[in-house]
Amino acid sequence: MMVKGKITGLTVTDVRFPTSLGHHGSDAMHTDPDYSAAYVVIETDADALKGCGLTFTLGKGTEIVVCAVKALSRLVVGRNLEDIVTNFRAFYRQLTSDGQLRWIGPEKGVVQLATSAVLNAVWDLWAKKEGKPLWKLLVDMTPEQIVSCIDFRYITDALTEEEAIEILQNGRQGQETREEHMLQSGYPAYTTSCAWLGYSDQQLQKLCTDALKEGWTRFKVKVGADLQDDFRRCKLIRNLIGPANKLMIDANQRWDVNEAISWVKQLAEFKPLWIEEPTSPDDILGHATISKALAPLGIGVATGEQCHNRVMFKQFLQAHALQYLQIDSCRLGSVNENLSVLLMAKKFNIPVCPHAGGVGLCELVQHLIIFDYVSVSGSLENRMCEYVDHLHEHFKYPVIIQNAAYMPPKDPGYSTEMKESVLQYHFPDGDIWQQLIMEKKVQL
C-alpha cells in the first residue's frame with residue numbers, strides 16, 4: 001500500500017455538549033457528564049486530504065487533553081504518511097515513549113487519551129487516502145501488515161507476533177462470507193440509551209417501549225447508587241422487555257469487591273447477563289474475585305472502557321477476571337493497541353463487546369468490531385456492541401443502525417470527521433456555551 005502526503009499541520013479543538021442538563025449519560029459515578037471531545041484535524045499537502053480524530057471526555061479536563069495533544073504534535077507534523085504506515089509500530093512507540101512525556105503516563109491517563117486522538121486522525125487519513133472505510137482497510141491488509149502496526153512490548157508472555165500472525169491467517173478462512181454477512185445484516189448492538197441513572201421511571205418506560213418497537217432485544221441498565229432504586233428499576237425494565245430479551249447492568253466502578261458481590265446477588269433474580277465495571281477499573285484481582293463469586297449465578301463480569309492499556313487487558317485475561325471484554329476506541333492507543341487486545345481476546349477465547357456512546361465512540365468502534373468478526377474472532381456468539389443514541393447528527397458519516405445492528409460504513413475513513421455544526425459547541429467561546437453562560441444555566 002503506497003501512500004503519499006506530508007503532514008503539514010495539526011489542530012485540536014475543545015468540543016463540549018451540555019448533556020448534563022438532560023441527565024444524558026448519567027450513572028452512579030458520573031452524575032453530570034457533558035459529553036465532550038478533544039477533536040484533532042491533521043492537514044496534508046495532498047489535495048486538501050485531511051485526517052480527523054478524537055478522544056472522548058466528560059467535560060472538565062478536556063483542556064488538559066488538548067494541551068497533551070499539542071505536546072505530541074511535534075512528533076507528527078512534518079512526517080510523511082507513507083513513512084508512518086510502513087513502519088507504524090515504530091511511530092506508535094515514538095509517541096508512547098517520548099523520554100519526558102511518558103513520565104506523565106506511561107501509556108495511560110491524559111497522555112494516552114491524547115495519543116489516541118492523534119493516532120485516530122492518522123488512521124482516518126490513511127483510510128481516506130486508500131479510499132476505504134477503516135474496517136475494510138484492515139480486512140484487506142495481510143496478517144504481516146496488521147502485526148507490523150502493533151507494539152508487542154510487555155505482552156509477549158501472553159501473545160507473540162508468531163501467534164498473532166497464525167490467528168490472522170486462520171481468520172482468512174471464510175473471510176469473504178463473513179464480510180458479506182456484515183454488509184447484509186450488520187453487527188448486533190445493544191442499547192444503553194433507555195436507562196441512564198438520572199432518568200425518571202416514566203422516561204425509562206417510554207424509551208424501552210419505543211426501543212422494543214424498533215427491534216431492540218438487548219438493554220443495559222445503570223445501577224449502583226441505591227439498592228432499592230436499582231431493584232425497582234431492574235424490575236420495571238425486565239417486566240417491559242420480557243424474559244427472552246437480554247438485560248445487562250453497569251455500576252461504573254461504584255462498589256468495593258465484597259459490596260459488588262452482595263449487591264449483584266440481590267439483583268440476580270432479574271437475570272442480568274453481566275455486571276459491568278463492578279469495582280475499580282484498575283483492580284484486576286478484585287474483578288477475578290467477583291467473577292468467581294458470580295459464576296454460579298450465570299452472571300459474567302464485563303469491563304474495559306477505562307482499562308488503560310494492553311498490559312492491563314493481558315492481566316485481566318490471564319487472571320480470568322472478565323467474561324466479556326470491552327475495548328474502547330479512544331481509551332487505548334487507537335487502532336494499533338486495540339488490534340493487540342482483539343488478538344489476545346481471541347487467544348483466550350473471550351468475547352469482545354465494545355464500549356461505545358459518548359461523542360463519536362459508536363462511529364469509531366464499529367470499524368474495530370466489524371474487523372474483529374471478519375478477520376479475527378469469526379464469531380458472533382455472546383457478542384454485541386454498545387449503542388447510545390446521542391450526538392450522531394454532528395458527524396459527517398454517522399452510524400447507521402438497522403434492525404438493532406451496526407451496518408458497515410461505506411465512506412472512506414474512520415467515520416471521525418465532524419460537521420461545522422460543532423463550531424457552536426467549542427468551549428467556552430462557542431455560541432451554545434456563551435448563551436448558557438448568559439442564561440446562568442452553567443458556570444465555568
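The crossing of helices α14 and α15 is right-handed. This comes from a predicted model. Helix α14 covers residues 334-348, and helix α15 covers residues 361-377. Their axes come within 11 Å and cross at roughly 45°. That angle makes α14 oblique to α15.

On the α14 side, the contact is made by Val-335, Asn-338, Leu-339, Leu-342, Leu-343 and Lys-346. On the α15 side, Leu-368, Phe-371, Asp-372, Val-376 and Ser-377 take part. By class, this contact has seven nonpolar, two polar and two charged residues.

Helix α11 (residues 257-266) packs with helix α12 (residues 284-294). The angle is about 30°, and the axes are 9 Å apart. An angle under 35 degrees counts as roughly parallel, so α11 and α12 are roughly parallel to each other. Their crossing is right-handed.

Helix α11 brings Val-257, Ala-260, Ile-261, Val-264 and Lys-265 to the contact. Helix α12 brings Gly-286, Thr-289, Ile-290, Ala-293 and Leu-294. These residues divide into seven nonpolar, two polar and one charged.

The table sets out both pairs.

| Helix pair | Angle | Axis distance |
|---|---|---|
| α14 and α15 | roughly 45° | within 11 Å |
| α11 and α12 | about 30° | 9 Å |

**Glu-107**

Where is Glu-107 found? Glu-107 is in the loop between α3 (88-96) and α4 (109-130). Is Glu-107 buried or exposed? Its relative accessibility is 6%, so Glu-107 counts as buried; the cut-off for buried is under 20%.

The side chains of Glu-107 and Arg-310 are joined by a polar contact of 2.5 Å. Neighbours within four places in sequence aside, Glu-107 is in contact with several residues, among them Tyr-92, Thr-96 and Gln-112. Arg-153, Tyr-154, His-308, Asn-309 and Glu-337 are also in contact with Glu-107.

**Ser-36**

Ser-36 is found in strand β2, which spans residues 36-44. Its relative accessible area is 0%, so Ser-36 is buried. The side chain of Ser-36 reaches the backbone oxygen of Asp-34 at 2.6 Å.

Which residues does Ser-36 contact, leaving aside its neighbours within four places in sequence? They include Val-15, Arg-16 and Phe-17. Thr-55, Phe-56, Thr-57, Leu-58, Gly-59 and Thr-62 are also in contact with Ser-36, as is Val-359.

Ser-36 and Gly-360 are 324 residues apart in sequence. In space, Ser-36 and Gly-360 are 9.5 Å apart, C-alpha to C-alpha.

Notes: Residues numbered from 1 in each chain as written. Predicted model: local features only at pLDDT ≥ 70, side-chain atom pairs only at ≥ 80, totals over all residues. Heavy atoms only, no water. Axes fitted to C-alpha atoms, helices over the stretch in contact; angles between N-to-C directions. Helix = DSSP H or I, 4+ residues; strand = E, 2+ residues; numbered from the N terminus. Parallel < 35°, antiparallel > 145°, perpendicular 65-115°, else oblique. Left-handed = near helix turned anticlockwise from the far one by under 90°. Contact = heavy atoms within 4.5 Å. Nonpolar A, V, L, I, M, F, W, Y, C, P; charged D, E, K, R; others polar. Buried < 20%, exposed > 50% of the residue type's maximum accessible area, 1.4 Å probe, protein only. Polar contact = N/O pair within 3.5 Å; in protein donor to acceptor, adjacent residues only side chain to side chain.
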